[in-house]
Amino acid sequence: MNLKLAPGLSIRKSPINGKGCFATIRFHRGRKIAEYTGERISDLEARRRAGRAKLRICDIDGRWSLDGSRDGNGTHYINHSCEPNAFMKTLYGHVLFFALRDIRPDEEITVDYEDTLHPDTKRCRCRAPNCRGTINRV
Ligand SMILES: [Zn+2]
């Protein structure tokens, strides 16, 4: 697969889970990091695909989702953390990542997923001091 990364991002092994998305440049607090890209699919199809081992699906609006494992730009490797340095925001059907605080080059970019297609029992391994223990906020 030929992965076209968004500017300022790199993908490598993550201490949290599998591969992660790392900054190669400084992102100042409040700055847009990148847009989540991927194949646009219905939520029904998203639930069907949710059985796969690696889940790379992002919900847009409760009807449509993006599957970053196809046509993703690296943002689909952004791992969950209970103490994230970025957040996701949906604007006019686009899913955007913003820096929650200043992010240094080489830092792993993380967001709090809060609600995913993962089962509520799925354990979180983010190692944050205030880790809630699960990926979904239940
Ligand atoms: Zn956690």
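Asp106 lies in the loop between strands S9 (94-99) and S10 (110-111). Strands here are DSSP runs of E with at least two residues, helices are runs of H or I with at least four, and both are numbered from the N terminus. This is a predicted model, in which local features need pLDDT of at least 70, side-chain atom pairs count only at pLDDT 80 or more, and totals for chains, interfaces and linings use all residues. Residues are numbered from 1 along each chain as its sequence is written, and side-chain values use heavy atoms, with hydrogens and water left out.

- Asp106 has a positive phi of about 85 degrees, although it is not a glycine.
- Most residues other than glycine have a negative phi.
- Asp106 counts as exposed because its relative accessibility is 54%. The cut-offs are under 20% relative accessible area for buried, over 50% for exposed, and partly exposed in between, with a 1.4 Å probe and protein chains only.
- Glu114 also is not a glycine and has a positive phi, of about 60 degrees.
- Glu114 sits in the segment after S10. Its relative accessibility is 39%, so Glu114 counts as partly exposed.

**Overall fold**

- The C-alpha trace spans about 40 × 30 × 30 Å along its principal axes.
- Of the contacts with a separation of 6 or more, 59% join residues 24 or more positions apart. Contact means heavy atoms within 4.5 Å.

**Nonpolar cores**

- Buried residues make up 45% of the 138 residues.
- The largest nonpolar core holds 20 residues. Such a core is a set of buried Ala, Val, Leu, Ile, Met, Phe, Trp, Tyr and Cys residues joined through side-chain atoms within 4.5 Å.
- Leu9, Phe27, Ile33, Ile103 and Ile109 touch the most other members.
- Strands S2 (19-23), S3 (32-35) and S9 each supply at least two residues of this core. The largest share, three residues, comes from S9.
- Beyond its neighbours within four places in sequence, Leu9 is in contact with residues including Cys21, Phe22, Phe27, Ile33 and Ile109.
- A second, separate core has five residues, among them Cys82, Cys124, Cys126 and Ile135.

**Ser10 in strand S1**

- Ser10 is found in S1 (residues 9-13).
- Ser10 counts as buried because its relative accessibility is 18%.
- Leaving aside neighbours within four places in sequence, Ser10 is in contact with Leu5, Gly20, Cys21, Phe22 and Thr24.

**Surface and charge**

- The accessible surface is about 8100 Å², and 49% of it belongs to carbon and sulfur atoms. Areas come from the Shrake-Rupley method with a 1.4 Å probe; for residues, only the protein chains shown count as cover.
- The chain carries 26 positive and 17 negative side chains. Lys and Arg count as positive and Asp and Glu as negative, while His and the chain ends are not counted.
- The centres of the two sets lie 4 Å apart. Each charge is placed at NZ of Lys, CZ of Arg, CG of Asp or CD of Glu.
- Arg125 is in the segment after S10. At 56% relative accessibility, Arg125 counts as exposed.
- Arg125 and Pro105 are 20 residues apart along the chain, and their C-alpha atoms are separated by 22 Å.
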